[in-house]
Amino acid sequence: MPQGYLPIFLFLIIAMAFPVIAILTAKLVRPSSPSKLKLEAYECGIEAVGNSRGRYAVRFYIISILFVIFDVETVFLFPWAVRFHQLGWFGVIEIAVFLAILIVGYVWVYKKGALEWV
Amino acid sequence: MITYTSTDHFVLLPGLLLALFGCAVLLLDFLFPKDVKGRGWLVGIALSGVGFASWQSWQQYLYLKAHSMTPLVAFNGALVLDGFALFFNGIVLASAALVMLISYRYLEDEKEHHTEYYALVLFAACGAFFLNGGLDMVTIFVGLELMAVSFYILVGFLRTDKRSNEAAMKYLLLGGFSTGFLIYGFSIFYGLTGSTNLAALATVIPARGANDPLLYLAIVTTLVGLLFKIGAAPFHMWAPDTYEGAPTTVTAFLAVASKTASFALLLRVMLVGLGTAREMWEPLLTGAAVLTLTIGNLAAISQSNVKRLLAYSSIGHAGYVLLGLIAGNQTGLIGVSIYLLTYAFSTIGAFLVLIALRRRGVAVETIEDLASLGKRYPYYALLMLLFLMSLAGLPPTAGFIGKYYIFLSLVESGKYGLAIVGALYVAVSLYYYFRLVRSMFLTESIEAQVLAPSNGVRLVLALTGIATIAMGILPEPFLRMAAISLGR
Amino acid sequence: MPNVPVPLNYYLTLSAILFMIGAAGFIIRRNIITVFMSIELMLNAVNLTFVTFSYQFRQVDGHIYSFFVMVVAAAEAAVGLAIILTVFKNRSTLTIDDVSSMKN
């Protein structure tokens, strides 16, 4: 069997075993004496009302859409950071231009009020 | 070593100006008052952006002319400045300027006048520039998506209009689908060459042989993506719905800028990258062209919505342009360039007549709405007649020159069958264009109302009308422009 | 035992299968969001191809291309979700057939 697959198998096994082991040990080790009060949502947790398929306010979507964009842009920052010294001032200016474009977008979003929670 | 040379700067500058002015319009929006006058200023700024980019493109032309049209390669071969890119940039700039001029009143009437519109037009034009001049698959991809994403938003710009939403959604989904195919093809090209540059592709093909299955797969998937973008059958389904639902100004821009830039990309990929694999893609493109002509022209016959009819006719036009590429000789390539140029002006003009005829809250969309136009508004009716004649390819209008060169190239290269098919569908197209003409001139009169088109609409109508006539009567300067696109 | 790496063909086959699943999902599924997810799957299949070839050539070009694909896909997703939201606001449905009103 080719050894090239070994890491994949190890990864698969660890990934599957981790939650199983964690939950099992917790179950075996902890004392178990449930009461009504204990089973309620913890401290400041909010009581679940209805099912989780309900609709969310549109605000959540807008924030998440904005998050997706600004989050993914960091993919260009990492390679630059890794090669920071080799790229020198040229890289700094390039990244500054890139960030300036992002900031234009950010200012526009901010001024449009998309980040305000009404 | 990565650098930014003065050559890079010179080649990039027009596109850079468009992007900068787009950002400026976005930000200055907050400084100007939110009224008709404030928006007018911003339209002026956006137009000046196109003006500066045009000026810089002119400088590029002068430079190339002084250096006997030798292509100028920038960014380590990612971007090229040649006559071809310049010619198509010119069409994009002209259409962007014309569309901005006519959009002002239209958006006010729709009560959706946000200045982001102009920024998006500038961004779309910027993306088109990178399609026209891109030689690297990364540059092409990013340019294509910049243009496409801007257009998705523009198509859905009338947020409360159901048809506009629907058009945007269909365009988005089918556009994303086609992009997937295109870059899947690109990824295989990368696998074959080890480089993302189109020029490198040309050197590898002879070594791979003509029947390499992987190369064939790459060509087919790339073609699927490209045919989608130019709106050719069998991947044309998005076009009628998108053209019908989009704001009419955006429809005009989409039909011209997006289509010509996508054709520029198609030509670049086929002739630069895959020029040596002609026997592999020519049969595929021939089939697509015949199918495109058939579907575009036959489906147009039964349409009652004028925008939809023009959408199908625009699909048909894509078929004629493909014929020019299939003919493959110099005449054919000049034909492609001149056809796209004449098509640009006639199409903007035809959609513009529809825009001019709309009254507050009443859109002119069906063929019945055009009834007795000849009596009600003779000038508009005559202009519409002119644009339709040009689209049908009748002399003495611009469209005739385009069709003439396409057919000439087919005859020269001995593809008589395709020439006959093309001629047949010209006859079919005459039939459905005549339906519009009959509605305008030969139907009962209905009551005329006062029209108040803006000065921008009048100006653009005059410009497109003059251009359509001038190209038909005096084709010489325009043919010289088309020759520039071939680097001569 | 010699250290035999996973053949590159396997990656390419996987990515071709993912691409086809995406394309089939695009055609078969009727929910707009699911259709949109199918497109993302197609784009990610392309990423896998790029990264595989890039690994084969010991180059970074393919990796960089996949960065661009990711970022552009995110931008497209943002615009796409915004458009889908407006469709939903105007029609209260996310089934493609219910949204299709324009006909020949």
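This is a dialogue on how to read some features of a predicted model.

Student: Where should I start with chain B, and how many helices and strands are there in it?

Tutor: Start with the elements. Chain B has 19 helices and 2 strands. Its C-alpha atoms fill a box of roughly 70 × 55 × 45 Å along the principal axes.

Student: What share of the residues in chain B is buried?

Tutor: Burial is read by counting C-beta atoms around a residue, and 20 or more others within 10 Å make it buried. In chain B, 60% of the 488 residues are buried. The contacts can be read by their separation in sequence as well. Of the contacts in chain B with a separation of 6 or more, 80% are between residues 24 or more positions apart.

Student: Which residues touch the most other members of the largest nonpolar core?

Tutor: That core has 217 residues, and the ones touching the most other members are Val121(B), Leu122(B), Ala125(B) and Leu352(B). At least three of the core's residues come from domain 1 (1–176 + 234–273) of chain B, and at least three from domain 2 (278–488) of chain B.

Student: With which residues is Leu352(B) in contact, leaving aside its neighbours within four places in sequence?

Tutor: Beyond those neighbours, Leu352(B) is in contact with Ile102(B), Ala252(B), Val457(B), Val460(B), Leu461(B) and Thr464(B).

Student: Which peptide bond at Pro234(B) is cis, and where is Pro234(B)?

Tutor: The cis bond joins Ala233(B) to Pro234(B), with omega about 0°. Pro234(B) is in the loop between helix 8 (213–230) and helix 9 (238–245) of chain B. Another cis bond runs from Pro395(B) to Pro396(B), where omega is near 5°. Pro396(B) sits in the loop between helix 15 (378–392) and helix 16 (398–412) of chain B.

Student: Where is Phe75(B) found, and is it buried, exposed or partly exposed?

Tutor: Phe75(B) has a positive phi of about 55° and is not a glycine. Its place is the loop between strand 1 (72–74) and strand 2 (79–81) of chain B. Phe75(B) is partly exposed because 19 other C-beta atoms lie within 10 Å.

Student: Is Arg58(C) buried or exposed?

Tutor: Arg58(C) counts as exposed because it has 7 C-beta neighbours inside 10 Å. Its phi is also positive, near 55°. Arg58(C) lies in the loop between helix 2 (32–57) and helix 3 (61–91) of chain C.

Student: How many helices and strands are there in chain A?

Tutor: Chain A has 4 helices and 0 strands. Of its 118 residues, 0% count as buried. The domain assignment gives domain 1 (1–31) and domain 2 (57–118) for chain A. The C-alpha centres of these two domains of chain A are 37 Å apart.

Student: How many residues of chain B are in contact with chain A?

Tutor: An interface is read by counting residues on each side, then by their kind. Here 5 residues of chain B are in contact with 5 residues of chain A. On the chain B side there are 5 nonpolar residues, no polar and no charged.

Note on methods:
Residues numbered from 1 in each chain as written. Chains lettered and ligands numbered in written order. Predicted model: local features only at pLDDT ≥ 70, side-chain atom pairs only at ≥ 80, totals over all residues. Core = buried A, V, L, I, M, F, W, Y, C linked by C-beta atoms within 7 Å. Buried ≥ 20, exposed ≤ 12 C-beta atoms within 10 Å, placed from the backbone. Domains from an automatic or database assignment. Contact = placed C-beta atoms within 7 Å. Nonpolar A, V, L, I, M, F, W, Y, C, P; charged D, E, K, R; others polar.
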